[in-house]
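Good morning, colleagues. Please look at the structure on the screen while I describe several of its contacts.

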Amino acid sequence: MDLFLGIDLGWREGEEEANETGVIALRRDGTIALAGWVRGLGATAAWMSEASAGVSSVLALVDAPLVITNVDRQRLCETETGQRYNRWKFSANSNNLSSPRKGGVLLRSRLEALGWRYDDGVDGPPRG
């Protein structure tokens with residue numbers, strides 16, 4: 001990878017009332033290329049596209065669920081995070097299809113419309 005993007009996505013989706021999203025772009029050698037804050041999914045997608053313009057390979061890591069398939073209750077990963085880290089007062093935010101907070105899913109949709117490709121990593125690292 002030539003560039004790594006880290007996105008700590010704000011939980012609210014609306015452009016006007018959206019929480020700030022922390023963004024960072026790291027070069028392969030670990031130096032910071034860009035860092036800052038954006039507000040709203042449109043600004044986040046735009047920042048990611050601008051930060052990666054002209055770069056041959058980019059890996060974006062987003063701190064938000066990009067896929068939600070469970071109709072209700074917590075996902076298994078959210079339950080297990082709470083079980084393992086609750087003693088340190090840490091847990092994962094719960095999401096399901098009836099949750100009002102689906103910013104990650106909406107961001108993924110916007111990025112795919114711009115030509116980005118989602119990979120869950122289950123099949124190992126990309127080969128191309």
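This is a predicted model: local features need pLDDT of at least 70, side-chain atom pairs count only at pLDDT 80 or more; totals for chains, interfaces and linings use all residues.

The side chains of R75 and E78 meet in a salt bridge, with 2.9 Å from N to O; the term denotes a side-chain nitrogen of Lys or Arg within 4 Å of a carboxyl oxygen of Asp or Glu. E78 is buried at 2% relative accessibility, whereas R75 is partly exposed at 22%. Here buried means under 20% relative accessible area, exposed over 50%, and partly exposed in between, with a 1.4 Å probe and protein chains only.

Residues are numbered from 1 along each chain as its sequence is written, and side-chain values use heavy atoms, leaving out hydrogens and water.

How many salt bridges does a search of the whole structure find? There are four. One of them joins R39 to E20, whose closest N and O atoms are 3.8 Å apart. R39 belongs to strand β3 (residues 32–39) and E20 to strand β2 (residues 20–27), so this pair ties together parts 19 residues apart in sequence. Strands are DSSP runs of E, at least two residues long, and helices are runs of H or I, at least four, numbered from the N terminus. R39 is partly exposed at 43%, and E20 is also partly exposed, at 42%.

Another salt bridge links E112 with R108, at 3.0 Å between the closest N and O atoms. These two residues stand four apart in helix α3, so about one helical turn separates them.
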